Amino acid sequence: ILKMKNNKIRKFHSVILCNSSEIIKKMLESNFSESLEKTISFPENDDDVILNFIEHLYTHELIFDNLIKTKNIERKWFQLLILCQMHEKKEYENYIIENIKKNITSSNEINILYLIQEFKELKPETINDISNTVGKQIEDNILNFPISTLVNKLNNISNILNDSEIK
């Protein structure tokens with residue numbers, strides 16, 4: 001049983017989940033409360049992110065498109081990325097990183113820098129990879145911005161760098 005953030009309950013086959021994730025297996029087969037209740041939850045993640053990840057555990061398919069049109073999409077990308085890193089799903093992790101990098105635009109690049117700072121549990125190489133892509137995106141688009149927009153973006157980036165370890 002998977003307990004969702006909205007307190008709804010979804011049933012899944014524990015055998016499939018345990019075979020696909022050592023972490024879930026440990027949760028369900030040890031003396032943790034999850035084992036006793038046969039219930040797992042991921043309260044820090046949005047429900048659609050969890051369902052996306054569970055679908056991957058079932059099918060082993062690389063799924064990203066079903067999150068594209070949702071609200072707070074960038075945050076969901078990072079939630080999914082953390083799940084993949086935590087559950088050691090390297091192929092899916094790489095797929096998500098490439099899709100994040102491919103979907104960086106001038107309208108979300110600052111938000112992505114904020115999210116990199118917020119999701120500190122990301123692997124350092126992932127932080128560097130995505131940060132470098134954002135930097136390149138900003139660099140590539142710099143001549144297309146009106147000067148006021150450019151100054152505003154640079155101030156936002158400066159504030160992020162002053163508040164974080166990303167330098």
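Guide: What follows is a short tour in questions and answers. Keep in mind that this is a predicted model.

Visitor: What makes up the protein chain, in helices and strands?
Guide: The protein chain has nine helices and three strands. Along the sequence, the pattern reads β-β-α-α-α-β-α-α-α-α-α-α. The C-alpha atoms fill a box of roughly 60 × 30 × 30 Å along the principal axes. Of the 167 residues, 43% are buried.

Visitor: How many aromatic pairs does a search of the whole structure find?
Guide: The search finds three aromatic pairs. We will look at two.

Visitor: Why is the pair of phenylalanine 78 and phenylalanine 119 called stacked?
Guide: Start with the distance. The ring centres are 5.7 Å apart, and the limit for a pair is 6.5 Å. Now the angle. The planes meet at 25°, and stacked means under 30 degrees. Both tests are passed, so the pair is stacked.

Visitor: What does this pair tie together?
Guide: Phenylalanine 78 lies in helix H5, residues 73-86. Phenylalanine 119 sits in the loop between helix H7 (109-118) and helix H8 (124-141). The pair therefore ties together parts that are 41 residues apart in sequence.

Visitor: How do you know whether phenylalanine 78 is buried or exposed?
Guide: Check its relative accessible area, which is 0%. Buried means under 20%, so phenylalanine 78 is buried.

Visitor: And phenylalanine 119, buried or exposed?
Guide: Its relative accessibility is 8%. That value is also under 20%, so phenylalanine 119 counts as buried.

Visitor: What makes tyrosine 92 and tyrosine 95 a stacked pair?
Guide: Their centres are 6.3 Å apart, with 20° between the planes. The cut-offs are 6.5 Å and 30 degrees, so this pair is stacked too. Both tyrosines lie in helix H6 (residues 90-102), three residues apart, about one turn of the helix. An α-helix has 3.6 residues a turn, so residues three or four places apart point the same way.

Visitor: Why is tyrosine 95 called partly exposed?
Guide: Tyrosine 95 has a relative accessible area of 25%. Tyrosine 92 is at 0%, so it counts as buried.

Visitor: Which residues have the most contacts inside the largest nonpolar core?
Guide: They are Ile40, Phe78, Ile112 and Ile130, in a core of 41 residues. H5 gives the largest share of this core, eight residues.

Visitor: What is isoleucine 40 in contact with, leaving aside its neighbours within four places in sequence?
Guide: Its partners include Ile1, Leu2, Leu17, Ile24 and Met27. Lys3 and Glu34 are among them as well.

Visitor: What makes H7 mostly covered?
Guide: Seven of its ten residues are buried. Among them are Ile110, Ile112, Leu113 and Gln117.

Visitor: How do you know whether glutamate 88 is buried or exposed?
Guide: Glutamate 88 has 70% relative accessibility. Exposed means over 50%, so glutamate 88 counts as exposed. This residue is found in the loop between H5 and H6.

Visitor: What about charge?
Guide: The protein chain has 21 positive and 25 negative side chains. The centres of the two sets lie 4 Å apart.

Terms used:
Residues are numbered from 1 along each chain as its sequence is written. This is a predicted model: local features need pLDDT of at least 70, side-chain atom pairs count only at pLDDT 80 or more; totals for chains, interfaces and linings use all residues. Side-chain values use heavy atoms; hydrogens and water are left out. Rings of Phe, Tyr and Trp (its six-membered ring) pair if their centres lie within 6.5 Å; planes under 30 degrees apart count as stacked, over 60 as edge-to-face and the rest as tilted. Helices (H or I, at least four residues) and strands (E, at least two) are DSSP runs, numbered from the N terminus. Buried means under 20% relative accessible area, exposed over 50%, partly exposed in between (1.4 Å probe, protein chains only). A nonpolar core is a set of buried Ala, Val, Leu, Ile, Met, Phe, Trp, Tyr and Cys residues joined through side-chain atoms within 4.5 Å. Contact means heavy atoms within 4.5 Å. Lys and Arg count as positive and Asp and Glu as negative; His and the chain ends are not counted. The place of a charge is taken as NZ of Lys, CZ of Arg, CG of Asp or CD of Glu.
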